Number of protein chains: 4
Amino acid sequence: MSFEIVSSILKRRGVCIEDIAEIVYELQLPYHPQLTMEECVNSVTAVLNKREVQYALYTGIALDELAEQKLLPQPLQSIMEADEPLYGVDETMALGITSVYGMIGLTSFGYLDKEKKGIIEKLNNNKSAIHVFLDDLVAGLAAAASARIAHRYEGAKNYSIPSDIERS
Amino acid sequence: MSFEIVSSILKRRGVCIEDIAEIVYELQLPYHPQLTMEECVNSVTAVLNKREVQYALYTGIALDELAEQKLLPQPLQSIMEADEPLYGVDETMALGITSVYGMIGLTSFGYLDKEKKGIIEKLNNNKSAIHVFLDDLVAGLAAAASARIAHRYEGAKNYSIPSDIERS
Amino acid sequence: MSFEIVSSILKRRGVCIEDIAEIVYELQLPYHPQLTMEECVNSVTAVLNKREVQYALYTGIALDELAEQKLLPQPLQSIMEADEPLYGVDETMALGITSVYGMIGLTSFGYLDKEKKGIIEKLNNNKSAIHVFLDDLVAGLAAAASARIAHRYEGAKNYSIPSDIERS
Amino acid sequence: MSFEIVSSILKRRGVCIEDIAEIVYELQLPYHPQLTMEECVNSVTAVLNKREVQYALYTGIALDELAEQKLLPQPLQSIMEADEPLYGVDETMALGITSVYGMIGLTSFGYLDKEKKGIIEKLNNNKSAIHVFLDDLVAGLAAAASARIAHRYEGAKNYSIPSDIERS
């Protein structure tokens, strides 16, 4: 049920799973030409089923919404309204999402957070809403889903060791 | 001025700089017998002067206070009221504080977060308030201030390299 | 096969899976009185099956072994021989293991890294070997395996949201 | 003296401070048009003076060099030779550098690690050497130096709070 909650909250903020899957598709296609959108949707869904990911999303989105409603205490309200570039708590929170399939996700996270592809750009350009956290969290989601795909596709490769190690 | 803001907000939540400095003192005294409380207060002050630390504190404390006022959207409100042990966003946010003097602070952070010494225990036992974030953030502050002291005391040690490396 | 490789390398360094499972058992028993050692062994095994965990172990153990063989370039060789408390790369690398089940593992990691329970203490006291990385990595493994158990036991709890959110 | 050591080791691996400063300059110029190369060199120098940064560089570069000399134990030697994309320990180690001026550096790190600008591309294209760690570490250095510049330029901005908070 918690997946339904988190996806409905994302939808409320203008983000659907396909939006995130499209970013994953664009990011991973060069490395895996046989990749399908369905696999990307599945990968985003798998990431969204992780409890720590849901909790980060609940928290970041709550902060965005409370800022829109001007309910945050000062000076946080002003910092969020200014989308202060030195804030950094959004990147920290996204790190908690990005790292669920290992630190290889850091590269994609940073790239997406700077290049602002697809839905991330839309969130960023929507000046009527506050998306201090959501753009980073979506970049983190796409990065984690990409890392998951990378792990799956590379799954067969094995690095052997000389057999005497196992005996020693 | 931002130091005055962050220390007044901490005070509003029942934490003064000396409370944190006492934890640092207890943690570092075994390694540095000549350590004084004044140095510990200075170290906590230095950590609190860092902007990323202030931002993490504003954010975490805002979440605690909004939870007390029952202003958070669901399901976050219930998660915060339950002090859900799997929440993890508090630890993630504390990581952003703990790491300002390098990752050596991770050990002290985890130790303090589990042992709940001094003011951390008081925060944790105060059942009339919500301190989901504050106890982790204070553990993070004490860990960062301890790491800073460790860096200062060990400052003189130098590891040399064979002189031909510098020539090569 | 990669699980066999990583467990044989751990064994070569004096650590067997049961050693790590015992730490997990001690750590989690107070929260889950019905916990069995078998579950702890399974949890450690699950963590060790993650590729990013294996890679961190290969790397940290290689550095320990190369330091014993005096094959590291200076000044790293001297830093490792001194088990320099400010080194921090060992904690950073352990973070990559600890975080595979979310940042809730940070607390256990830091606690174990300071308290040095069971096999961690043995590694630390063995003065004939260099275990700069291994003690932190084992603390990271035990912390991740503990986080995994916490996630499993709490799996049933759900935080509901008012039904109108899903309709909105 | 430790700055001389770390800069000489970087030079040995084909990286001079100006190479890193150029990346910082390109990254930060759009935000701070009055930025000079001298400031970027100073910022890189400040980052390289941090002990935790030096330790990460010593360690990552040692692993690259030992891989070139085929001195790493298996399966790590093969993983490094293949520049395995799922390795992730290089990103983890770079995180320890990137975070020294807060988590805002994560975005630049990921961007640089993917776009491979300037010296990072040269390191990556040099097929006669192994730079599994160095390209990530240089991206981490440039990201940290950029974060430092961002903190300095924005230093004057202050978010005030209603005066009654300080009285309460």
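Okay, let's start with a zero: between chain D and chain A, the count of salt bridges is zero. Before I go on, please keep in mind that this is a predicted model, so everything I quote today is computed from predicted coordinates.

So what does the contact between chain D and chain A consist of? Chain D brings 34 residues to it, and chain A brings 34 residues as well. Together they bury about 2,900 Å², and carbon and sulfur atoms give 73% of that. Which three residues supply more of chain D's buried area here than any other three? They're D:Leu86, D:Lys114 and D:Tyr159, and they supply 24% of what chain D buries against chain A.

What about polar contacts? Across the interface of chain D and chain A there are four residue pairs in polar contact, both partners at pLDDT 80 or more. If you want to find this side of chain D on screen, look for the elements giving two or more residues to it: α5 (76–82), α6 (89–98), α7 (105–115) and α9 (134–153) of chain D. The one that gives the most is α7(D), with eight residues. And if you sort that side of chain D by residue type, you get 19 nonpolar, eight polar and seven charged.

How many residues take part? It's 27 residues of chain D in contact with 27 residues of chain C. The buried area between chain D and chain C is about 2,100 Å², and carbon and sulfur atoms give 81% of it. Salt bridges between chain D and chain C: zero. Polar contacts between chain D and chain C: two residue pairs, again with both at pLDDT 80 or more.

Which elements of chain D do the touching here? Those giving two or more residues to the side that touches chain C are α1 (2–12), α4, α5 and α6 of chain D. The largest share comes from α4(D), with nine residues. By type, the side of chain D that touches chain C divides into 20 nonpolar, four polar and three charged.

Okay, one chain on its own. Along its principal axes, the C-alpha trace of chain A spans about 65 × 35 × 35 Å. Of the 168 residues in chain A, 64% are buried. If you look at contacts in chain A with a separation of 6 or more, 72% of them come from residues 24 or more positions apart.

You'll find it in helix α4 (residues 51–68) of chain B. Is B:Leu66 buried or exposed? It counts as buried, because its relative accessibility is 2% and the cut-off is under 20%. And what does B:Leu66 touch? Leaving out residues up to four places away in sequence, its contacts in chain A are A:Leu66, A:Leu71 and A:Leu72, and in chain B they are B:Leu71, B:Leu72 and B:Gln77. For a sense of distance, the C-alpha of B:Leu66 is 12 Å from that of B:Phe133, which is 67 residues away along the chain.

As background, most residues other than glycine have a negative phi, and most peptide bonds are trans. Where does this model do something else? First, the peptide bond from A:Gln74 to A:Pro75 is cis, with omega near 5°, and A:Pro75 is in the loop between α4 (51–68) and α5 (76–82) of chain A. In chain B, a cis peptide bond joins B:Gln74 and B:Pro75, with omega about 5°, and B:Pro75 lies in the loop between α4 and α5 of chain B.

Then there's phi. A:Lys70 isn't a glycine, yet its phi is positive, about 55°. A:Lys70 is in the loop between α4 and α5 of chain A, and it counts as exposed because its relative accessibility is 59%, over the 50% cut-off. Over in chain D, D:Lys70 has a positive phi near 55°. D:Lys70 is found in the loop between α4 and α5 of chain D, and it's exposed, with a relative accessible area of 58%.

That's it from me, so over to you.

Note on methods. Residues numbered from 1 in each chain as written. Chains lettered and ligands numbered in written order. Predicted model: local features only at pLDDT ≥ 70, side-chain atom pairs only at ≥ 80, totals over all residues. Heavy atoms only, no water. Contact = heavy atoms within 4.5 Å. Buried area = accessible area lost by both parts, 1.4 Å probe. Salt bridge = Lys/Arg side-chain N within 4 Å of Asp/Glu carboxyl O. Polar contact = N/O pair within 3.5 Å; in protein donor to acceptor, adjacent residues only side chain to side chain. Helix = DSSP H or I, 4+ residues; strand = E, 2+ residues; numbered from the N terminus. Nonpolar A, V, L, I, M, F, W, Y, C, P; charged D, E, K, R; others polar. Buried < 20%, exposed > 50% of the residue type's maximum accessible area, 1.4 Å probe, protein only.
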